[in-house]
Amino acid sequence: MAKVRYFTALAVDELRGDIAGRLDWYYDPSAGDPRRWEKAGEAIREADIDVVEIRDLLTISAQPHHDDPGNAVAVYNALNGLTPHQASDERLWTYVAHTQGAEYVAARWLSERPSDAVKAAQKVRNHFFARGNRALIRDNGVSRLWWLGYIAHQTDPEEPNRFLEILLHRQDVRSALLERPAVSTNPRVLRRIYDVMVEQWQGERELFQREAFRQWMVNLNRRGGVVLLDALSDDQLRKLIRDEADHALSAVL
Amino acid sequence: MKWEETKSWPYPVLRPNNDDYQKAAFEVNLELDRLPDTTAVEVDADFALGDADLLGLVESGDAEYLLLVRCSTTHFREEFRSCEPHIRRRFENGMLTGRVEIAPFLVACSDLQGFRAERWHPDYDGLSPRFDAGSVLAVDRPSTYWIDSADEQPVTSMFRIAEGNVPSGQWRCRPLEEHVALELSGPDVERLKEARSRFGNTKDLWHIINGVYLPALIWLLCEADRSSDDGDYQDMRWYSALDSALERNECKPLGANDADRVADAQTLLDNPFVEMPVLNIE
């Protein structure tokens, strides 16, 4: 089994500083040597963590966002030896995005190249690099998959695919639950919200209507400003979240 | 729930710089100890609650102490509760990294019917505020810590080159929360970045380290020493990284009165003087 490899901090800085000079490669990694970065010698370090190569695990279809749930589970399983600390390291994800994940990242996120070189470079910066929390969770083409898989396994360890299918089927649902730290980093709250969503998903799906879902999130946000949700027992939390879902449905429907 | 000193609550909350409670206090002493060579930490919290009615709620089981630990970098959030005024927890290696916030509370365990405290501000006379389960009864300011792994993070990584209102040909340091900005004029930023990129893997880089990073680090160490009593920088990410680097290299900690920071900066940068190519021409 292979070991996890990552770029040095200096290598990441140098790559980020010269995106403009390599734009053609970023938008079509298959055109050059597919293993060019893996030969970078002193720019690469190796950690004692086993890993399965993800190159052949990633799927890109005609509707690539539909592949996200499967790809997230695949990447997480391939790299499930990482601790959250290790998975928050930009050096790791920059390396993976530039090597095993390069063609996937380009196909998923860079299928259209802006004519403006500055905008074209910005897209590369967003999806091949991972500076900051938001970039790790939302933007880097590979790290976002790992973190989706991580959250899915935390919330629904029996059926992580179901979790991802439900949360990713619409952008506003994804944004509200995964990109808002107050919810996504609160496993108990996210789990109770997800329980209600599963019931709805298997039923009439009224709560998934845009206005109803938005109202539900507004209600929860308001309650969370007065009551410390973390302080509630599981039963109290479950009741609060369900009550606010009912209020949202009553208000909208 | 974010900490805001001026947050408006629908009921009295015992908190700093607020008179909802008269002559009462809720203070929490927090200590965070990092285990060497790991990101594992132990957190120790001692709660001091100075209101008899609130203490009565704790004794009756209607309220409890709660410590909320948050680390957005590792997507970590967990609460720890106790009816005793002491909470101690250990977080294993890999669970926390980067900015960690620890917030202490006193919370209601269930709906409190008819609760009143003698020390409420007179403005609450005649009012019957509602306390639901989870209501915050007392809160202290959260504490922020930075947990960074030391592996392969050179001291120079705490500096970031940035454009600033600086005369051409000069540079200046500006400490920010996460890093220290090395500010130069726009054209000089490009020149320095280009030089770093061109010479990054060569011995010529030592000229840049000696000419820019070494004096910047000396300044930063002296500035951190000077302001240690004020605590201006202690919550900043680079501060804890710098202190850790000093410790690893057996130099005096930040705030020491008699430290030789010129020598210490050279130690932290692996004695860059002798690495300059101009000194090693044969």
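How much accessible surface does chain A have, and what share of it belongs to carbon and sulfur atoms? The accessible surface of chain A is about 11,200 Å², and 47% of it belongs to carbon and sulfur atoms. Such areas come from the Shrake-Rupley method with a 1.4 Å probe; for residues, only the protein chains shown count as cover.

This is a predicted model, in which local features need pLDDT of at least 70 and side-chain atom pairs count only at pLDDT 80 or more, while totals for chains, interfaces and linings use all residues. Residues are numbered from 1 along each chain as its sequence is written, chains are lettered from A and ligands numbered from 1 in the order written, and side-chain values use heavy atoms, without hydrogens and water.

Start with chain A. It has 14 helices and two strands. Both are DSSP runs numbered from the N terminus: helices are H or I with at least four residues, strands are E with at least two. The C-alpha trace of chain A spans about 60 × 40 × 30 Å along its principal axes. Buried residues make up 53% of chain A. Buried means under 20% relative accessible area, exposed over 50%, and partly exposed in between (1.4 Å probe, protein chains only).

Now zoom in on one residue. A:Ala245 sits in helix H14, residues 234–252 of chain A. Its relative accessibility is 3%, so A:Ala245 counts as buried. Which residues does A:Ala245 contact, leaving aside its neighbours within four places in sequence? They are A:Val196, A:Leu207 and A:Trp216. Contact means heavy atoms within 4.5 Å.

Move on to chain B. Here there are five helices and 11 strands. The radius of gyration of chain B is 25 Å, well over the 19 Å that the globule rule gives for 282 residues, so chain B is more spread out than a compact globule. Its C-alpha trace spans about 85 × 40 × 35 Å along the principal axes. Of its residues, 47% count as buried.

How is chain B divided into domains? The assignment gives domain 1 (26–147) and domain 2 (155–279). Domain bounds come from an automatic or database domain assignment. The centres of domain 1 and domain 2 of chain B, taken over C-alpha atoms, are 38 Å apart. Four residues of domain 1 of chain B are in contact with six residues of domain 2 of chain B.

Key
The radius of gyration is taken over C-alpha atoms; the globule rule is 2.2 Å times the number of residues to the power 0.38.
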